[in-house]
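Take a walk through this model, one piece at a time. Keep the sequence and the 3D view side by side.

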Amino acid sequence: MNWDWSAVGDFMPHFWDGLLITLQALVLGSLISFALGLVWALLMRTPSRWVRWPVGVVTEFVRNTPLLVQLFFLFYVLPEWGLTLSAMTTGVVAIGLHYSTYTMQVYRAGIEGVPAGQWEAATALNLPVTRTWTAVILPQAIRRVVPALGNYVISMLKDTPMLMAITVLEMLGEARLFSQQNFQFTEPLTVIGVAFILISYPASLLMRALERRLVR
Amino acid sequence: MSADTPLMKEPGADPSANPAVDGSELIRFDRVTKRFGANTVLDELDFSVASGKHVTLIGPSGSGKTTILRLLMTLTKPDEGTIKVNGEYLSHEERNGRLVPAGEKHVREVRKNIGMVFQQFNLFPNMKVLRNITEAPVTVLGLSRDAAEERARELLELVGLSEHVDKYPGQLSGGQQQRVAIARALAMRPQVLLLDEVTSALDPELVAGVLDVLRDIARTTDITMVCVTHEMNFARDISDQVLMFDAGRVLESGPPEQIFGDPEHARTREFLGAVR
């Protein structure tokens, strides 16, 4: 095995393209998972079991089937039903949807962690239910779960290479393409491995610091 | 009291002109039963409180005192019987001449008249002191932010915490938090203030400050108070009437001099002997 710095140099323009796509997928996927997870968590708290039951079944299904299967399903089956999305859009939606079934559990724990006394005080002050949620319960619940949500973002980062399977050229996709064209595997794969560590390790340190500050 | 009337009594005002202090019945429990599983906490309880009065509920723990406050605050519902506040059913409403469980709208309307201070303060930790007090007046009573803040500052002065407006509850001592909680309840201008063992969670040296504030409020306002406490001296000072509870029923009731000085029942004497 020979390390060839010139191969690294040749790969770098492709690397930056791939990094940009990885980060875009990560940011959009995170936003979708944060928003949708909160929607699931709130729907699971409605009094009507006609809402809770279907939401429970769907989210349980999504959580317990592999992301890769979901990616293929959305990418190859949806067009047969007349809904054609770009590979990137499909990937972002799949990651966001998949991770929303995890973030919903994080939110649930956060909501249940708000002491009953907070609900009682809100009742005693006659606050409307929606106001109780937006002004009292969610600010406290979300503050507590920021570190846990952050940890899922790091997991999501490490799942972005799966997008390669539906032709999205994120970091791994770029590395593979470069390798196959140039027959140099070591350099591009090492570069993206280092890139993953350079992003995820500081991020996990940040989450630990946040945990010390926010979760008391 | 409506949202516009001042909290403090007008000096020299004719008390009979104010509907809040005309001595009419403000709270009425009618054969109220409350069970938790197999345990009957309140057993066909009847009692009433006249408006403007200060009533203290005493008795051994588990005798149902706190449950009465929680029923009044609609934090829990009676299993049987009815509760009226200001002549309105609390957990029921009349529909086509029949008494049915109250809808949210009805409950909110009746609940407007009631405020509560909790043993654990229950301030909102995500809001500064000022916003803890202004939140409900703005969103529930529809006060402007300025009017609500002015009211909050007056109340903070009343409870001696003017310099803490911009702090978070976590930065205050337990006694200070409880005084903020009192101000927060008063900001809604309730007719009835429910006090649920408000000093029980406090360090001993902080109790006096909170009780002094409550004595002040009892003396200077028309608010009806229903109070559960183990502070017998405080109960003696502020109460017009003391109700001794045992096993979900009122064992005896009367003015504090009678209950504390010359109780009728041996059970009451025993209880008072134990808490002193």
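The crossing of α5(B) and α6(B) is right-handed. This is a predicted model, like everything described below. Helix α5 of chain B covers residues 174–186, and helix α6 of chain B covers residues 204–220. The two pack at an angle of about 15°. Angles under 35 degrees count as roughly parallel. The helices α5(B) and α6(B) are therefore roughly parallel to each other. Their axes run 8 Å apart.

Now look at the residues where they meet. From α5(B) come Gly174(B), Gly175(B), Gln178(B), Arg179(B) and Ile182(B). From α6(B) come Leu206(B), Gly209(B), Val210(B) and Val213(B).

Next, the nonpolar core. The largest one holds 119 residues. Among those with the most contacts inside it are Leu72(B), Met116(B), Ala183(B) and Leu195(B). Chain A takes part too: its helix α4, residues 87–112, gives the most to this core, with 10 residues.

Turn to chain A and its record. UniProt, in an unreviewed entry, lists "domain: ABC transmembrane type-1" at residues 19–207 of chain A. In the model, that span is 80% helix and 0% strand. Its end C-alpha atoms lie 22 Å apart. UniProt also places the feature "transmembrane region", again from an unreviewed entry, at residues 20–43, 81–99 and 189–210 of chain A. What does the model show over residues 20–43 of chain A? The chain there is 100% helix and 0% strand, with end C-alpha atoms 34 Å apart. Residues 189–210 of chain A are likewise 100% helix and 0% strand. Here the end C-alpha atoms are 32 Å apart.

Finish with two loops of chain B. Asn96(B) sits in the loop between β6 (92–95) and β7 (98–101). Its phi is near 50°, a positive value in a residue other than glycine. Is Asn96(B) buried or exposed? With 5 other C-beta atoms within 10 Å, Asn96(B) is exposed; the cut-off for that class is 12 or fewer.

Ala247(B) lies in the loop between β11 (241–246) and β12 (249–254). Ala247(B) has a positive phi of about 50°, although it is not a glycine. This residue has 15 C-beta neighbours inside 10 Å, so Ala247(B) counts as partly exposed.

Key. Residues are numbered from 1 along each chain as its sequence is written. Chains are lettered from A and ligands numbered from 1 in the order in which they are written. This is a predicted model: local features need pLDDT of at least 70, side-chain atom pairs count only at pLDDT 80 or more; totals for chains, interfaces and linings use all residues. A nonpolar core is a set of buried Ala, Val, Leu, Ile, Met, Phe, Trp, Tyr and Cys residues joined through C-beta atoms within 7 Å. A residue is buried if 20 or more other C-beta atoms lie within 10 Å of its own, exposed if 12 or fewer, and partly exposed in between; C-beta atoms are placed from the backbone. Helices (H or I, at least four residues) and strands (E, at least two) are DSSP runs, numbered from the N terminus. UniProt positions are given in the numbering used here, feature names are shortened, and annotations may be inferred rather than shown by experiment. Axes are lines fitted to C-alpha atoms, for helices over the stretch in contact, and angles run from 0 to 180 degrees between N-to-C directions. Angles under 35 degrees count as roughly parallel, over 145 as roughly antiparallel, 65 to 115 as roughly perpendicular and the rest as oblique. A crossing is left-handed if the near helix is turned anticlockwise from the far one by less than a right angle, and right-handed if clockwise. Two residues are in contact if their C-beta atoms, placed from the backbone, lie within 7 Å.
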